[in-house]
Amino acid sequence: MNPSTVAVTGLTVRHRRTVALDRLDLSLGPGVHGLLGPNGAGKTSLVRVLATVAAPFSGRVELLGGDATSHRERTDIRRRLGYLPQEFGYYPGFTVREFVAYVAWLKEMPSDRVPAAVERAVRRVGLGDRIDARMKTLSGGMVRRAGIAQAVVNEPELLLLDEPTAGLDPEQRVDFRSLLRELGTSATVVVSTHLVEDVAAACTEVALIEGGRLAFQGTTAELTALGGASTEGNDSTTHAVERGYTAALRAHRTSAESARGALR
Ligand SMILES: Nc1ncnc2c1ncn2[C@@H]1O[C@H](COP(=O)(O)OP(=O)(O)OP(=O)(O)O)[C@@H](O)[C@H]1O
């Protein structure tokens, strides 16, 4: 069995006729992994499979040493992972405490551990002073933070965050990135994001997806190095990670194009 927290082989995900992921192979271990790619690349499709809320069309998905396609093993995997979807629902009349406790209950956490775990999770996202406020009274950014709290309440070994910083104010983003770094010292954290600042500040590794295939995987430093010295734009505004991202995408497109050419 593969020792990685996430071991995906030949993963294909389809939405009717659209192929969102195309025979993807990916292994991830502890650390903070930035999941990058253009709009429609397949990031959300991948995160949803890793969160076990969507089923693959084909391929193998091993999470935390278990087979995610096996009903029995999936239950154990779900207890041990945390997931923040791009959009999530909640009962508007619930307080933040009730919302996070409800998720702890869904994760089948021992009930004597829940109250302290809920308070810790809510404090970690800087919502301690609003813990007894109703969800419907929170701002969009605060709802997002409550969403992050529910994702970390069970101290997950695998944490999946789909665009977690969308809607957070700059100060909260800075705090959130330091929380990510802390979580990544023990857990495998996957963060889908369009913000290169998130990657530069919090991610140790990067997986870049395009057209449902892996275009690049390596450390953030390796991605940055791909960008080389800037020859275009103003260096102070063109971030080094952004240049690496663009260079990796272009290299992937060129090699995909020559592979297609060889087949013609
Ligand atoms: N429910 C759906 N029905 C049909 N097609 C879908 C559905 N969800 C996603 N797709 C398609 O699958 C592909 C991958 O979409 P996905 O949402 O995984 O990409 P993404 O990388 O998360 O994009 P973004 O950065 O815009 O959030 C796209 O072509 C998209 O149009």
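## Talking through a predicted model and its ligand

Biologist: Let's start with the ligand: which residues surround it?
Modeller: This is a predicted model, where local features need pLDDT of at least 70, side-chain atom pairs count only at pLDDT 80 or more, and totals for chains, interfaces and linings use all residues. Residues are numbered from 1 along each chain as its sequence is written. A residue is near a molecule if its C-beta atom, placed from the backbone, lies within 6 Å of it. Around the ligand we find His15, Arg16, Thr18, Ala20, Gly37, Asn39, Gly40, Ala41, Gly42, Lys43, Thr44 and Ser45.

Biologist: Which element gives the largest share of that shell?
Modeller: Helices (H or I, at least four residues) and strands (E, at least two) are DSSP runs, numbered from the N terminus. β2 (18-28) and α1 (43-50) each supply at least two residues of the shell. The largest share is 3 residues, and it comes from α1.

Biologist: And by class, how many shell residues are polar?
Modeller: Ala, Val, Leu, Ile, Met, Phe, Trp, Tyr, Cys and Pro count as nonpolar, Asp, Glu, Lys and Arg as charged, and the others, Gly among them, as polar. The shell around the ligand has 2 nonpolar and 2 charged residues, while the polar ones number 8.

Biologist: How confident is the predictor in the protein chain, on average?
Modeller: pLDDT is the predictor's confidence in each residue, from 0 to 100. In the protein chain, 94% of the residues score at least 70. For the complex, the predictor gives an ipTM of 0.97 and a pTM of 0.92. The chain's average pLDDT is 91.

Biologist: What radius of gyration does the protein chain have?
Modeller: The radius is taken over C-alpha atoms, and the globule rule is 2.2 Å times the number of residues to the power 0.38. For 264 residues, a compact globule would come out near 18 Å, and the chain's value agrees with that. The chain itself has 19 Å.

Biologist: Over in helix α8, which residues are buried?
Modeller: Buried means that 20 or more other C-beta atoms lie within 10 Å of a residue's own; exposed is 12 or fewer, and partly exposed is in between, with C-beta atoms placed from the backbone. Helix α8 covers residues 220-227, and its buried ones are Thr220, Leu223, Thr224 and Leu226. They cover an arc of only 150° around the axis (by the directions from the helix axis to the C-beta atoms), so they sit on the same side of α8.

Biologist: Is Ala202 buried or exposed?
Modeller: Ala202 belongs to helix α7 (residues 196-202). Leaving aside neighbours within four places in sequence, Ala202 is in contact (C-beta atoms, placed from the backbone, within 7 Å) with Val32, Arg177, Leu180 and Arg181. It has 26 other C-beta atoms within 10 Å, so Ala202 is buried.

Biologist: Where is Leu64, with its positive phi?
Modeller: Most residues other than glycine have a negative phi. Leu64 has a phi near 50°, a positive value in a residue other than glycine. Leu64 is partly exposed, with 18 other C-beta atoms within 10 Å. Its place is the loop between β4 (58-63) and β5 (66-67).

Biologist: What is the phi of Glu155?
Modeller: Glu155 is in the loop between α5 (140-152) and β7 (158-162). With 16 C-beta neighbours inside 10 Å, Glu155 counts as partly exposed. Although Glu155 is not a glycine, its phi is positive, at about 45°.

Terms used:
Contact = placed C-beta atoms within 7 Å.
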